[in-house]
Structure formats: C-alpha cells, structure tokens
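Student: I would like to learn how to read a protein model step by step. Could you walk me through it?

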Amino acid sequence: MALTLETVYNILHQHHLLKEFILADGWHLDKTKLPALSFAAISYDSRKADSETLFFAKGAAFKEEYLAGAIAKGLQVYVAEQPYEVAAACGIIVTDIRKAMALLSAAFYDYPQDKLKIAAFTGTKGKTTTAYFAHGILQETTGGKCAMFSTMETTLDGKNFFKSHLTTPESLDLFAMMAKAVENGMTHLVMEVSSQAYKLDRVYGLNYDVGIFLNISPDHISPIEHPTFDDYFYCKRELIYHSKVAVLDADMDYFQLVAESCQLAAIPAYTYGRSAGDYRISTSETDQREFFVESRIDPLKMTGNYRIKLPGDFNQDNACAALLAAALLGADTESAYRGLAEVSVPGRMLQLHTANGAVVYVDYAHNYISLKLFLEYTRQTHPAGRQIVILGSPGNKAISRRHDFGVVLAELADVAVLTADDPAYEDPQAIAEEIAAAIDNPAVEIIYEMDREKAITLALELARPEDVVLLAGKGEDPQQKVNGVDTPYDGDYVIAKRLIEAGK
C-alpha cells in the first residue's frame with residue numbers, strides 16, 4: 001500500500017476539495033511544483049506519524065502543537081482545512097478534511113470495498129441483531145468468508161472477534177479494516193451504518209450492494225449529535241442513495257418517505273412486514289422462536305419456515321430483513337435456515353432464573369423503541385409479576401433518551417432502579433434524575449443506586465417468584481466509560497449470573 005503526492009493532488013482536485021498546497025516558497029496550485037514524495041502510511045494520530053506518513057489534521061480538539069511535534073519527528077506532509085505555521089515540506093489545504101480523508105484512505109488501501117459484497121444496515125433499533133443474523137447466513141453461504149463491523153463486535157476473518165469502539169469506524173480505520181478483511185480472504189462484509197457515519201462523513205464515497213433500512217424513531221438528538229429528528233432521519237436516509245438495492249420494513253413509521261427516496265434515486269426495493277410488504281412474516285402459534293415468511297411472488301426464493309434463538313416478533317422481523325439482504329448477496333433458503341438457527345447475539349435477550357423462580361433478562365436495549373419493545377414483550381410473556389428495570393443512560397450523547405426512557409418506565413415498569421450506564425464526563429446521578437423527571441406515573445417505585453453492580457444486587461433481592469428483572473442497556477459490554485476512560489466492567493450478564501449463583 002502506497003500513495004504518491006501527485007495522486008493525492010489528483011484525487012482532491014477531481015472531487016473539488018483542494019484549496020491550495022503550501023511549500024517553503026509560498027502557496028500554489030500548479031501540480032508541477034509538487035515535490036516527488038510518496039507515503040507508506042496514513043494517520044490522523046500525530047503520535048504515529050513519521051517521514052513516510054500522510055497526516056490528516058482533523059477534529060475540533062486538534063492543536064497546532066500536535067502537528068509541530070510530528071514534524072519534529074520527521075513528518076513532511078499534512079492535510080488540513082487551514083494552513084499552519086509549521087516547517088512542513090508540504091501542506092495540503094482542503095475544503096473538507098473528513099471527505100478528503102475518506103477518499104484518500106480508500107485510495108491508499110486500493111479500494112477494498114470493490115473487492116467485497118457489502119450489506120449495510122441502518123435503523124434506530126435492531127442494527128446489531130440483524131447484522132449478526134445476516135453474518136450467520138452469509139457465513140453458511142460462503143463457507144466462512146464474511147467479515148462484520150457491528151456496534152458490539154468486529155471480525156475481519158469470520159472467526160476472531162474483538163470489541164468495537166464505534167458503530168461505524170472513522171473512514172481511515174474503516175478502509176484499513178476492509179483491506180485486512182480482503183487480505184484474509186473475505187468475500188462478503190456485513191456492516192452497521194450509523195447516522196453519525198453520514199453526519200461526520202465516515203462513509204463518504206462508499207457504496208453498498210444492499211442497503212437495509214430497518215426502522216426510524218427519534219434518537220441521538222442532542223447539541224453534539226443531531227440537533228433535530230429531521231437531521232437524524234435525513235442522515236439515516238443517506239444510506240439509500242448509496243445502495244444498489246434496498247430492503248425496507250413496510251410497517252415502519254415514515255415508510256412512505258423512505259420508499260420515495262428509493263423511487264427518486266431509482267433504487268429497486270424489496271419490502272417486508274407483518275401487515276404490508278412483498279414478504280409477510282407470521283409467528284408460530286406454538287413457539288416464539290419460529291416464524292414463517294411468505295410471498296406470492298418470490299423472486300428471492302426465501303419463502304419458508306425459519307427458527308432463531310431469540311424470542312419476540314421484533315427479532316423475527318430483523319431475521320426477515322437479514323434473509324432478504326443475504327439472498328440478494330447469494331444466499332439460498334437452506335443456508336439461510338441453517339445460518340439463522342445457529343446465531344447468538346451478545347447481550348440480547350439473555351435469560352437467567354433466581355433461586356425463587358424470578359426470571360432475569362439481560363438485553364442491550366439502549367434507546368426508546370428497543371426498551372419499549374423489550375418491556376412490552378416481557379409484560380406479555382410474564383403478566384402476573386412486577387417488572388423491575390435496571391437502567392441508566394449514557395453521558396455526553398443521546399440526551400433525548402433520558403426523557404424517552406422515563407416515558408417507557410412510566411408506562412411499563414413497576415420498579416425503576418436507576419443507575420450508571422457509560423456516564424462519560426457527566427454525573428450519573430444527574431442523568432438518573434433526568435430520567436426520573438419523565439416518570440409521571442406515581443405507581444412506579446424509583447430507586448437510585450449509581451454503582452451498577454449494587455443496583456443489580458438490589459433488584460435481585462427485591463424480586464419475588466413471579467417477578468421479572470430486566471437489565472437494560474449494557475448487555476455483555478465489558479466496559480463502562482467513565483470520565484472519558486473505558487473502565488473494566490464485568491458486564492450485566494456475568495454479574496447477574498454470579499450473584500444468582502451466590503444466592504442473591
């Protein structure tokens with residue numbers, strides 16, 4: 001992998017991103033004046049830059065001193081949105097650093113996206129579950145040659161998984177990971193695409209073989225994410241315009257606008273749903289883990305009975321979306337059935353039982369719609385007992401969730417144990433009080449305990465035999481983000497299991 005300065009110039013000029021380049025003798029646009037340099041590495045971390053690195057000066061927190069320090073270690077060329085008073089051999093000044101980084105990263109890694117068949121998922125809820133379903137099917141279809149980038153985990157070889165730090169990585173990291181997947185012999189890629197990926201141009205210039213739009217509801221509304229639902233929804237819909245074909249939930253809110261987006265862009269779309277769509281889903285009357293997909297006109301040949309490990313209609317809907325996406329990338333009914341049946345999703349609908357018979361669920365439900373569906377399902381399946389919910393909300397992002405969580409708890413919880421969930425730089429008690437302020441049902445008992453393990457202990461001690469304890473938000477996540485640091489955490493499931501085995 002290598003990139004010449006001349007190629008950098010050509011790409012930026014072609015995409016109307018180049019302002020000028022700066023040499024020791026002044027500012028220029030004449031390409032013939034460029035020094036004959038090439039790069040063996042690219043980076044946006046000044047600590048990892050040397051004489052053979054093309055460095056991207058990006059981010060609101062970037063400081064000129066970082067660049068000066070890298071130049072002192074040998075860095076010759078930087079790309080930035082503004083000139084800096086530093087002794088670099090060449091400064092490339094662009095109109096948009098994030099777009100420039102995405103395009104140049106793709107070129108540096110020799111366009112790995114063109115060597116993979118890509119299914120990209122977006123939606124307010126269900127992206128991770130659906131990505132795992134699709135990955136399972138495509139692993140069966142390809143003989144283990146499917147990579148995956150998800151909120152929870154990433155695999156670049158279909159076998160080894162590691163924790164993800166972002167739903168959709170920064171563009172430079174994204175293309176590096178794709179290149180590694182190609183190097184590992186992967187032919188397919190399943191990836192989640194967040195609204196922030198479009199807001200921050202992490203996927204600029206990237207197109208997908210199949211784009212899957214699962215659903216939409218308000219989320220990530222805050223001064224540091226999306227200022228309005230309209231902005232959030234618009235960023236989500238960008239996925240449609242970068243897909244060759246779309247898969248849509250015909251039952252989702254605002255379906256018509258998403259369908260019109262496909263029509264406007266001349267993107268063919270396959271739809272599914274329970275009350276509408278090309279493919280109709282129905283649940284087995286005897287087993288919540290079995291469902292049937294039917295279509296009178298079945299161009300994808302996916303009509304049939306299927307089984308998944310996770311209960312709930314919403315998980316079956318996600319499985320149907322995965323079926324259609326995988327079929328468009330070459331899966332058949334048999335591989336889909338086998339692949340789906342084996343899929344386990346970390347932190348999703350995990351069950352435990354206390355010594356007195358109370359049921360404990362652990363689920364990653366972390367926004368309004370996923371929490372509401374989670375609690376509706378457990379209320380339906382365990383109608384006799386109380387719902388004891390352990391819940392927090394993350395700090396410094398998705399501020400609108402706090403009110404939304406309170407609304408769900410007011411409607412569906414009997415006891416709300418409010419605790420910490422990745423508080424970042426905020427006070428978790430203050431976050432909990434914001435959630436509580438929206439619980440307008442006086443019948444809901446509210447308990448505060450900011451130590452999450454103690455909160456789980458308390459909830460288990462409160463549970464009667466007929467009750468349900470719901471641990472929402474963290475799943476099996478082994479970390480808590482506190483004061484900007486990923487702090488080790490055993491995970492809700494491990495903690496609950498340990499406490500139950502100890503007789504709590």
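Predicted model: local features only at pLDDT ≥ 70, side-chain atom pairs only at ≥ 80, totals over all residues.

Student: Where do Glu334 and Arg338 lie, and how many residues apart are they?

Tutor: Both belong to helix α10, residues 333–341. They are 4 residues apart, which is about one turn of the helix. Glu334 is exposed at 57% relative accessible area, while Arg338 is partly exposed at 41%.

Student: What is the distance between the closest N and O atoms of Glu501 and Lys497?

Tutor: For the salt bridge of Glu501 with Lys497 it is 2.6 Å. These two are separated by about one helical turn, because they are 4 residues apart in helix α15, residues 492–501. Glu501 is exposed, with a relative accessible area of 59%, and Lys497 is partly exposed, at 34%.

Student: Which parts does the salt bridge of Arg307 with Glu290 tie together?

Tutor: The closest N and O atoms of Arg307 and Glu290 are 3.4 Å apart. Arg307 lies in strand β19 (residues 304–307) and Glu290 in strand β18, so this pair ties together parts that are 17 residues apart in sequence. Arg307 is partly exposed at 30% relative accessibility, and Glu290 is partly exposed too, at 32%.

Student: You mentioned β18. How many residues lie between β17 and β18 in their hairpin?

Tutor: There are 6 residues between them. To read a strand pairing, look for the bridges and then the direction. β17 and β18 (residues 290–294) run antiparallel and are joined by 4 bridges.

Student: Do β16 and β17 run parallel or antiparallel?

Tutor: Strand β16 (residues 269–273) and strand β17 (residues 279–283) run parallel, with 2 bridges joining them. There, Tyr272 has Tyr279 of β17 as its bridge partner.

Student: How do I read a whole sheet? What is the order of the strands in the open sheet of 6 strands?

Tutor: The order is β20-β21-β25-β22-β23-β24, and the pairing is mixed. β20 (350–353) and β24 (445–448) stand at the edges; each has a single partner strand, so one side of each is left without a neighbour in the sheet. Neighbouring strands of this sheet are turned by 20 degrees against each other on average, direction ignored.

Student: How many bridges join β23 to β24?

Tutor: There are 4 bridges between β24 and strand β23 (residues 415–418), and the two run parallel. In this pair, Ala416 stands opposite Ile446 of β24.

Student: Which strands does helix α12 touch?

Tutor: Helix α12 (residues 400–412) packs on the sheet and touches β22 and β23. Its direction makes about 165 degrees with that of β22. Another helix, α11 (residues 368–381), lies across β21 (359–363), β22 (387–391) and β25 (468–472), and runs at about 165 degrees to β25.

Student: Let's turn to cysteines. How many disulfides are there?

Tutor: To count one, we look for two cysteine sulfur atoms within 2.5 Å. The count here is 0 disulfides. Take Cys262: its nearest cysteine sulfur, that of Cys320, is 16 Å away. Cys262 counts as buried, at 3% relative accessibility, and Cys90 is buried as well, at 0%.

Student: What about the phi angle?

Tutor: Most residues other than glycine have a negative phi. His16 has a positive phi near 55 degrees, and so does Asp201, at about 55 degrees.

Student: Are His16 and Asp201 buried or exposed?

Tutor: His16, in the loop between α1 (5–14) and β2 (18–23), counts as exposed at 68% relative accessibility. Asp201, in the loop between α6 (195–199) and β14 (208–213), counts as buried at 16%.

Notes. Residues numbered from 1 in each chain as written. Heavy atoms only, no water. Pairing = 2+ DSSP bridges. Buried < 20%, exposed > 50% of the residue type's maximum accessible area, 1.4 Å probe, protein only. Axes fitted to C-alpha atoms, helices over the stretch in contact; angles between N-to-C directions. Contact = heavy atoms within 4.5 Å. Salt bridge = Lys/Arg side-chain N within 4 Å of Asp/Glu carboxyl O.
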